[in-house]
Amino acid sequence: FFFQAEDGIRDDLVTGVQTCALPIYLQLLAMERADPQMPDLAVLLGAYMHPRSRGTVRLASNDPAVAPVVDFGMLSDERDLAGVRAAVRLVERVAHSPAMAALGEVLPYDASTAGIRASLGDYVHASGGCALGTVVDPDCSVRRYERLWVCDASVFPRVPRANTHLPVMAVAERVAALLSRSEEHTSELQSPDHLVCRLLLEKK
């Protein structure tokens, strides 16, 4: 279920001249069985779906088999803390409602800033590592490299406010259409440079 909170936060418009209060977009996720060892325990999670914080992906080694170092940088932008606090308030409003009270009790929790930072988690929607306009061009070709395209969630300039599966499919379809319409690109589709791109498209 998606909720649009009543409270808002300040956000600059694209023009940079005017500011306005925009709604905070939140999501609730209910987990009926959070722990197999505790069958009576359920969890209600609140998510802030419009993060402004930016993380990093860095090479850990010259060896391509070594996983990179990924830092999501969550709450590195203080504006996100207001959004997460709104998510906590929404969870509290639902959890303490008469309907939920009839199902069971709410266990103690820490809603302070320290508690939020300690219990914060990601939503597995990592995006933007090769964002459009910075690493790749509008056709998803990697800048300063030839015959190399990216067509996954890493090209998103902003994290989507929903699951990333459908947007990734849309990007892959767009890149496939661009390549298939170009005679130059069509001849290159059989090259090893496109192995990862081809596998992704075939998988989708």
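Mentor: We shall begin with the overall make-up and then turn to two residues. This is a predicted model, in which local features need pLDDT of at least 70, side-chain atom pairs count only at pLDDT 80 or more, and totals for chains, interfaces and linings use all residues. Residues are numbered from 1 along each chain as its sequence is written, and side-chain values use heavy atoms, leaving out hydrogens and water.

Trainee: How many helices and strands are there in the protein?
Mentor: The protein has six helices and five strands, counting DSSP runs of H or I with at least four residues as helices and of E with at least two as strands, numbered from the N terminus. Along the sequence the pattern reads β-β-β-β-β-α-α-α-α-α-α.

Trainee: What share of the residues counts as buried?
Mentor: Of the 204 residues, 26% are buried, where buried means under 20% relative accessible area, exposed over 50%, and partly exposed in between (1.4 Å probe, protein chains only).

Trainee: Where is Val-57 found, and is Val-57 buried or exposed?
Mentor: Val-57 belongs to strand 4 (residues 56-58). Val-57 is exposed because its relative accessible area is 58%.

Trainee: Changing topic, where does Asp-137 lie?
Mentor: Asp-137 is in the loop between helix 3 (113-119) and helix 4 (165-181). With a relative accessible area of 26%, Asp-137 is partly exposed.

Trainee: Which residues does Asp-137 touch, leaving aside those up to four places away in sequence?
Mentor: Asp-137 touches Leu-132 and Arg-143, a contact being heavy atoms within 4.5 Å.
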